[in-house]
Amino acid sequence: MYYEEKANSHRPRYGTIQDDERLSAEEMDERRRQNIAYEYLCHLEEAKRLFLRALSVPCLILNHFLSSV
């Protein structure tokens, strides 16, 4: 995943390669593993935010069920 540079950005930019930079196969594999790990952590954060948002919304069906018991 490639990101544009921002002055105040603190995110790592694993996908960035300089024009004159040549990487060995091992370095490319390591860069690829870093990208996969970073994207996995991003998806976990997105899932966490989604679950927290869903938990903060009252569930009408659950409330109806609990009030009828």
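What percentage of the 69 residues of the protein chain count as buried? In this predicted model, the figure is 6%.

## Overall architecture

The protein chain contains two helices and zero strands.

## Helix α1

Helix α1 covers residues 25–56, a run of 32 residues. At 1.5 Å a residue it should span 46 Å, and its end C-alpha atoms lie 47 Å apart, which agrees. Arg31, Asn35 and Tyr38 are buried in α1.

Leu41 also belongs to helix α1. Its relative accessible area is 54%, over the 50% cut-off, so Leu41 is classed as exposed. Together with Tyr40 and Leu44, Leu41 forms a nonpolar patch on the surface, with about 330 Å² of accessible area in total.

## Salt bridges

Three salt bridges are found in the whole structure. One joins Arg32 to Asp29, with the closest N and O atoms 2.7 Å apart. These two residues are three apart in helix α1 and are therefore separated by about one helical turn. Arg32 is partly exposed at 45% relative accessibility, and Asp29 is partly exposed at 33%.

Glu30 pairs with Arg33, their closest N and O atoms being 3.1 Å apart. Both lie in helix α1, three residues apart, and Glu30 is partly exposed at 35% relative accessibility. Arg49 and Glu45 form a further bridge, at 3.2 Å between the closest N and O atoms; they stand four residues apart in helix α1. Arg49 counts as exposed at 52%, whereas Glu45 is partly exposed at 32%. An α-helix has 3.6 residues a turn, so residues three or four places apart point the same way.

Terms used. Residues numbered from 1 in each chain as written. Predicted model: local features only at pLDDT ≥ 70, side-chain atom pairs only at ≥ 80, totals over all residues. Heavy atoms only, no water. Expected span 1.5 Å × (residues − 1). Buried < 20%, exposed > 50% of the residue type's maximum accessible area, 1.4 Å probe, protein only. Patch = residues over 30% accessible without salt bridge, like charges linked within 9 Å, V, L, I, M, F, W, Y side chains within 5 Å. Areas by Shrake-Rupley, 256 points an atom, 1.4 Å probe, with all protein chains shown as cover. Salt bridge = Lys/Arg side-chain N within 4 Å of Asp/Glu carboxyl O.
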